[in-house]
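Hi,

Here is the structure I promised to pass on. Have a look at it first, and then read my notes below.

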Amino acid sequence: ILIQAAMLHRNPRAYAEPDRFLPERWERPFGGEDAIPGWRGYDPARVSGLYPNEVAADYAFVPFAGGEYKCVGDQFAMLEAT
């Protein structure tokens, strides 16, 4: 299975204006069952760290992969970037 994260993160059914840089999109919930069947959508209440992660977006946003194959350097990368 190959997942194209660049295309996943630009899905117009999941994200309004997916090709624009809108950091404020992560400040409020969006998506859900009405956008994509079976998708819980994004909820900022589920964020548990410095950035929106795969759990908060129900795996529609996977900046550092997810599950057991998640990047081991994700915390370090965010620390260096902030």
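Let me start with tryptophan 39, which is buried at 6% relative accessibility (buried means under 20% relative accessible area, exposed over 50%, partly exposed in between, with a 1.4 Å probe and protein chains only). Tryptophan 39 sits in the loop between α1 and α2. Helices (H or I, at least four residues) and strands (E, at least two) are DSSP runs here, numbered from the N terminus.

Before I go further, a word on where this comes from: the model is predicted, so to speak of local features I need pLDDT of at least 70, side-chain atom pairs count only at pLDDT 80 or more, and totals for chains, interfaces and linings use all residues. Residues are numbered from 1 along each chain as its sequence is written, and side-chain values use heavy atoms, with hydrogens and water left out.

Back to tryptophan 39. Leaving aside neighbours within four places in sequence, tryptophan 39 is in contact with Ala14, Phe30, Gly31, Gly32, Glu33, Ala57, Asp58 and Ala60, where contact means heavy atoms within 4.5 Å. A polar atom of the tryptophan 39 side chain lies 2.9 Å from the backbone oxygen of alanine 57. Alanine 60 is 21 residues from tryptophan 39 in sequence, and their C-alpha atoms are 8.3 Å apart.

**The chain as a whole**

The chain has two helices and zero strands. Its radius of gyration is 13 Å, close to the 12 Å that the globule rule gives for 82 residues, so the chain is as compact as a globular protein of that length. (That radius is taken over C-alpha atoms, and the rule is 2.2 Å times the number of residues to the power 0.38.) Along the principal axes, the C-alpha atoms fill a box of roughly 35 × 30 × 25 Å.

Of the 82 residues, 29% are buried. The accessible surface comes to about 5,900 Å², and 59% of that belongs to carbon and sulfur atoms; areas come from the Shrake-Rupley method with a 1.4 Å probe, and for residues only the protein chains shown count as cover. If you take the contacts between residues at least 6 apart in sequence, 18% of them join residues at least 24 apart.

As for charge, there are 8 positive and 12 negative charges, and their mean positions are 4 Å apart. Lys and Arg count as positive and Asp and Glu as negative, while His and the chain ends are not counted. Each charge is placed at NZ of Lys, CZ of Arg, CG of Asp or CD of Glu.

**A buried pair in the loop**

Glutamate 54 is in the loop between α1 (5-8) and α2 (74-81). Is glutamate 54 buried or exposed? It is buried, with a relative accessible area of 6%. The glutamate 54 side chain makes a polar contact of 3.3 Å with the side chain of lysine 70. (A polar contact is a pair of N or O atoms within 3.5 Å; within protein, one must be able to donate a hydrogen and the other to accept it, and residues adjacent in sequence count only if both atoms are side-chain atoms.) Beyond four places in sequence, glutamate 54 is in contact with Tyr59, Phe61, Val62, Ala65, Gly66, Gly67 and Lys70.

Asparagine 53 belongs to the loop between α1 and α2 and is buried, at 8% relative accessible area. Not counting residues up to four places away, asparagine 53 touches Arg46, Ser48 and Phe61.

Most residues other than glycine have a negative phi. Aspartate 58 has a positive phi, near 50°, and tyrosine 59 has one of about 65°.

**Helix α1**

Leucine 8 is found in helix α1 and is partly exposed, at 24% relative accessible area. Leaving out residues up to four places away, leucine 8 touches Ile3, Tyr15, Tyr59, Ala60 and Val62. Valine 62 is 54 residues from leucine 8 in sequence, with 8.6 Å between their C-alpha atoms.

Alanine 5 lies in helix α1 and is partly exposed, at 28% relative accessibility. From alanine 5 to phenylalanine 30 there are 25 residues in sequence and 19 Å in space, C-alpha to C-alpha.

Over to you!
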